[in-house]
Amino acid sequence: MASLNPIQRTAQQQFDRQSDRYGKGHILSDVSDVRAALEQMTWLNTGKALDMATGAGHTGLYLASVGWQVTLGDLSTAMLERAAAAARERGLTVEIRQHAAESFPYEDGSFDLVTCRVAAHHFSDPSAFMRETARVLRPGGAFLLIDGSIEDGRPIAEEWIHELEKTRDPSHHRFLSQGTWKRLCEEAGLQVVFSELQPFKQPDLNWYFDTAGTSPENRAKVLEMIRNAPPEACRLFRLAEEDGKIVWWWQRLVLAARKPSPQ
Ligand SMILES: C[S@@+](CC[C@H](N)C(=O)[O-])C[C@H]1O[C@@H](n2cnc3c(N)ncnc32)[C@H](O)[C@@H]1O
């Protein structure tokens with residue numbers, strides 16, 4: 001793998017350290033969001049898929065289970081080992097490649113589908129990721145992004161959630177707004193087919209602290225930020241307490257785009 005920049009290295013170290021949190025029972029093992037999005041991508045047939053920043057492989061292994069020929073890419077060794085073990089356990093054959101999302105080791109036009117779920121907010125250079133995605137898609141191929149995001153024109157809430165996530169998990173880089181993702185797709189030469197912000201409930205802040213291995217000092221800082229959350233953030237993320245747990249709603253972006261076929 002090419003040498004990593006500091007943002008990529010932080011993500012690699014964080015996920016190598018925390019990989020045991022991402023297997024079965026993790027909130028991401030429920031792939032109903034992926035299934036629902038693919039159902040809307042009615043033009044897609046199965047073919048070759050790259051699941052980028054695959055983590056424990058929940059999305060990529062779902063694709064393999066419904067007939068896609070899947071490559072799982074990630075920069076964390078421990079996450080890829082976890083994904084490989086899950087594939088073996090489920091009797092699924094996949095190719096595993098270790099590389100960063102900002103630079104792919106694949107030929108132009110190698111894939112019919114690129115997916116990236118709940119990972120792009122860690123990437124050091126989302127435009128480079130989009131350029132690489134567009135490059136490796138064959139004409140007519142599709143891109144599916146699912147990630148935390150935010151409405152456009154909400155700078156106070158955006159800054160607040162950015163600081164909070166960064167304090168909770170040092171490998172967080174930035175949530176991009178829906179409009180920014182659409183622009184990055186279009187600049188890379190992909191046509192956005194649909195894009196929707198879907199509120200997604202995060203049911204327990206303590207579970208998220210444990211998942212990221214947040215230090216006691218940073219847990220205290222996050223709780224302080226929640227106590228002092230600006231009204232825009234309280235409203236947008238529906239911050240609340242339920243049965244003694246702090247809950248909030250992610251603005252989760254589901255975006256599908258397509259690489260145009262030559263006329
Ligand atoms: C939350 S997990 C992904 C979850 C997974 N996509 C799923 O659907 O279950 C985030 C993953 O992003 C990977 N990651 C973060 N930054 C990356 C980068 N720049 N390039 C490649 N992988 C990256 C991490 O190693 C980690 O495995």
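Guide: Start with Met130. Leaving aside neighbours within four places in sequence, Met130 is in contact with Phe143, Trp181, Leu184, Cys185, Ala188 and Leu190. Contact means heavy atoms within 4.5 Å. This is a predicted model: local features need pLDDT of at least 70, side-chain atom pairs count only at pLDDT 80 or more, and totals for chains, interfaces and linings use all residues. Residues are numbered from 1 along each chain as its sequence is written, and side-chain values use heavy atoms, with hydrogens and water left out.

Now step back to the core. The largest nonpolar core has 28 residues. A nonpolar core is a set of buried Ala, Val, Leu, Ile, Met, Phe, Trp, Tyr and Cys residues joined through side-chain atoms within 4.5 Å. Buried means under 20% relative accessible area, exposed over 50%, and partly exposed in between, with a 1.4 Å probe and protein chains only. Met130 is among the residues with the most contacts inside this core, along with Phe129, Phe143 and Trp181.

Helix H5 (126–136) and helix H7 (178–188) each supply at least two of its residues. So do strands S1 (48–52), S4 (111–117), S5 (137–150) and S9 (245–258). Helices (H or I, at least four residues) and strands (E, at least two) are DSSP runs, numbered from the N terminus. Another core, of 25 residues, lies apart from the largest one. Val34, Leu61, Leu72 and Val94 are among its members.

Next, compare two other places. Val193 sits in strand S7 (residues 191–202). Its relative accessible area is 43%, so Val193 counts as partly exposed. Not counting residues up to four places away in sequence, Val193 touches Trp43, Ala256, Ala257 and Arg258. Pro6 belongs to helix H1 (residues 6–18). Pro6 counts as exposed because its relative accessibility is 58%. Pro6 and Ser124 are 118 residues apart along the chain, yet their C-alpha atoms are separated by 8.7 Å.

Finish with the whole chain. The protein chain holds 10 helices and nine strands. Of its 263 residues, 54% count as buried. Take the contacts between residues at least 6 apart in sequence: 77% join residues at least 24 apart. Along its principal axes, the C-alpha trace spans about 55 × 40 × 35 Å.
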